[in-house]
Amino acid sequence: MDYLVRKIYEIAGETPEKEAVIFKKETLSYKDLCFKMEAVASFLDEQNIKKGSAVCFSAVSKPEMVYTYLGILRYGCVAVFLDKNATPQSVSHIYKKTKASILISDKNYGEYESDMHHIPYKNSFDAFKKDELQKGYELPKENELCEMLFTTGTTSEPKGVMHTYASIY
């Protein structure tokens with residue numbers, strides 16, 4: 001069984017300038033995608049996030065969503081997607097339910113903000129140094145938790161489902 005993150009590194013090694021992510025007029029090559037994934041992983045490391053921890057992030061349909069998701073997996077954490085339209089109350093509920101270590105989002109969560117370790121996307125990954133690229137990638141085990149997906153919670157509290165690496169790859 002192959003894993004997405006390893007496959008992306010493999011393609012980047014063979015054809016680094018090939019387009020990996022295309023969104024409107026913005027594109028990322030495989031090399032750039034790997035660089036951004038490493039930046040996210042490095043950022044999580046600098047924040048002292050433990051491997052296996054849940055990392056919540058707003059799931060907007062932009063390149064940031066792609067490389068943040070992949071960077072979270074690259075680092076060995078559990079990706080917790082948050083709907084871009086989720087209410088602050090729903091986000092707080094998901095953050096607590098998953099026992100997340102951090103929330104990466106440009107949104108303001110008002111009164112719920114104090115209960116979460118919230119970091120905005122803006123400038124979060126800028127301090128990454130290029131010489132740190134590809135420190136090594138440890139393949140996860142098939143039964144390890146990979147991601148958690150939640151409903152928006154419009155009719156009640158958000159409900160989630162957990163996926164292992166085996167269920168998504």
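Start by selecting Arg74: this residue is buried, with a relative accessible area of 8%. Buried here means under 20% relative accessible area, exposed means over 50%, and partly exposed lies in between (1.4 Å probe, protein chains only). The model is predicted, so local features need pLDDT of at least 70, side-chain atom pairs count only at pLDDT 80 or more, and totals for chains, interfaces and linings use all residues. Residues are numbered from 1 along each chain as its sequence is written, and side-chain values use heavy atoms, with hydrogens and water left out.

**Stop 1: the partner of Arg74**

Glu38 and Arg74 form a salt bridge, with their closest N and O atoms 2.7 Å apart. A salt bridge is a side-chain nitrogen of Lys or Arg within 4 Å of a carboxyl oxygen of Asp or Glu. Glu38 sits in helix H2 and Arg74 in helix H3 (residues 63–75), so the pair ties together parts 36 residues apart in sequence. Helices (H or I, at least four residues) and strands (E, at least two) are DSSP runs, numbered from the N terminus. Glu38 is buried too, at 3% relative accessible area.

**Stop 2: Glu17 and Lys31**

Select Glu17 and Lys31 next. Their salt bridge has its closest N and O atoms 3.1 Å apart. The pair links distant parts of the chain: Glu17 is in the loop between H1 and E1, and Lys31 is in helix H2 (residues 30–46), 14 residues away. Glu17 is exposed at 55%. Lys31 is partly exposed at 41%.

**Stop 3: along helix H1**

Move to Lys7 and Glu10. Their side chains meet in a salt bridge (3.1 Å, N to O). The two are three residues apart in helix H1 (residues 4–14), which means about one helical turn between them. Lys7 is partly exposed at 34% relative accessible area. Glu10 is also partly exposed, at 34%. The whole structure holds four salt bridges.

**Stop 4: Lys24**

Now select Lys24, in the loop between strand E1 (19–23) and strand E2 (26–29). Lys24 is exposed, at 73% relative accessibility.

**Last stop: the whole chain**

Zoom out. The chain has five helices and eight strands. Their order along the sequence is α-β-β-α-β-α-β-α-β-β-β-β-α. Of the 169 residues, 43% are buried. Contacts are heavy atoms within 4.5 Å. Among contacts with a separation of 6 or more, 59% join residues 24 or more positions apart.
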